[in-house]
Every structure is written in C-alpha cells, then in structure tokens.
Amino acid sequence: MDSMDRSILRCLSEDSRQSATKISRTVHLSVAAVIERIRKLERKGIIRRYTIVADQHKIGNEVVALMEVSLEHPQYYDEFTKVMNTHPDVVACDYLTGDYDFMLKIQTRSSETLEQLHRVIKSVPGVSGTKTYFVLKEIKSGLTALSEA
C-alpha cells in the first residue's frame, strides 16, 4: 500500500459514497486508476466494508457508555465475545491488556436499557467485574487512522 492508496482511503473514510470522479480530482489520478486501486484494496481485504455513521441521538439512543469488563480466566473469552457480537447495543468490543480484559462501547436508548445490558454482561459465565463510564460528549470519532508512513 502506497501513499496514493492512503489518499484514496482517506477520501473514502470521509465519505464512502463519493464518486471515483471526485476522488480522482482530489488525489490527481485518473478515474480508471482510482477504480482499479479501490478494487485492489477490496480484494486484499484492506477495505472490508462500506458503512454509515448515524447520529445516535436522532435515532433514539440517548446513552453512550464505555464499559470495562474483566474475566476470571481466558477460558471464558469465546463465550463472552460470542454474546458481545450478538448484542445490538454493543457497537465495539476491544480485547485489552491491563487491569480489564475488554472495553465495550455501548449505544442504547436509556439508562434503563443500559442497566438491562449490564445485567446480561454480568450473567455471562466468567465475567468477574465491570466498570462503566457515561460519555458526556463525543469529541472525535474516527473509523480509520491513516498515517503517512
């Protein structure tokens, strides 16, 4: 992947629906070359999917929270991740080093639905502890970090 691929990815990360023509003007490459590079990035699995970023408040999710979760033992990893992958309010689940094993990003309708999810998480076999933070305001949200390296 070269700097041109990174430039194309940066354009797509800002707006995945923009045309190859618009991208070609931004990166100073022919439309055909942009299309071919995008197809190559898709084939290599660098571009895994195209998605949207919805305004959570406008779709009824008034609560955003981060939750740290500890497991008693790594043997519970598969069961825990299976439950997290199937719950629609868990929008991100990262495996960590440090005092906690996972960091969850949760987007849900209310504190009541967060409490219900908390009960689900605490009932997953092997969960030994949680710590929850309410997000007051999102300052920056980026789906892809694209360094110049």
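These legends go with close-up views of a predicted model.

**View 1. A four-stranded open sheet, strand by strand.**
Reading across the sheet, the strands come in the order β2-β3-β1-β4, and their pairing is antiparallel. The edges belong to β2 (90-95) and β4 (127-134); each has a single partner strand, so one side of each goes without a neighbour in the sheet. On average, and ignoring direction, neighbouring strands here are turned by 20° against each other.

**View 2. Zooming in on the β1 and β3 pair.**
Strand β1 covers residues 63-71 and strand β3 covers residues 102-108. The two run antiparallel, with seven bridges joining them. If you want a spot to start from, pick Met67: its bridge partner in β3 is Leu104.

**View 3. Helices α4 and α5 against the sheet.**
Helix α4 (residues 77-86) packs on the sheet and touches β1, β2, β3 and β4. Its direction makes about 20° with that of β3. Helix α5 (residues 111-123) also packs on the sheet, again touching β1, β2, β3 and β4. For α5, the direction makes about 160° with that of β4.

**View 4. Where α1 crosses α3.**
Two packed helices are described by the angle between their axes and the distance between the axes. Here, helix α1 (residues 3-14) and helix α3 (residues 31-43) have axes that come within 10 Å and cross at roughly 85°. Angles of 65 to 115 degrees count as roughly perpendicular, and therefore α1 and α3 get that label. On the α1 side, the contact is made by Met4, Asp5, Ile8, Leu9 and Leu12. From α3 come Val34, Arg37, Ile38, Lys40 and Leu41. Sorted by type, the residues of this contact are seven nonpolar and three charged, with no polar ones.

**View 5. The buried face of α2.**
Helix α2 takes in residues 20-27, and its buried residues are Ala20, Ile23, Ser24 and Val27. Look down the axis of α2 and these buried residues fall within an arc of 105°, so they line one face of the helix. Among the things covering them are α1 and α3.

His28 is found in the loop between α2 and α3. Its phi is near 60°, a positive value in a residue other than glycine. Most residues other than glycine have a negative phi.

Technical notes:
Residues are numbered from 1 along each chain as its sequence is written. This is a predicted model: local features need pLDDT of at least 70, side-chain atom pairs count only at pLDDT 80 or more; totals for chains, interfaces and linings use all residues. Side-chain values use heavy atoms; hydrogens and water are left out. Two strands pair if DSSP finds at least two bridges between them. Axes are lines fitted to C-alpha atoms, for helices over the stretch in contact, and angles run from 0 to 180 degrees between N-to-C directions. Contact means heavy atoms within 4.5 Å. Angles under 35 degrees count as roughly parallel, over 145 as roughly antiparallel, 65 to 115 as roughly perpendicular and the rest as oblique. Ala, Val, Leu, Ile, Met, Phe, Trp, Tyr, Cys and Pro count as nonpolar, Asp, Glu, Lys and Arg as charged, and the others, Gly among them, as polar. Buried means under 20% relative accessible area, exposed over 50%, partly exposed in between (1.4 Å probe, protein chains only). The arc is that of the directions from the helix axis to the C-beta atoms.
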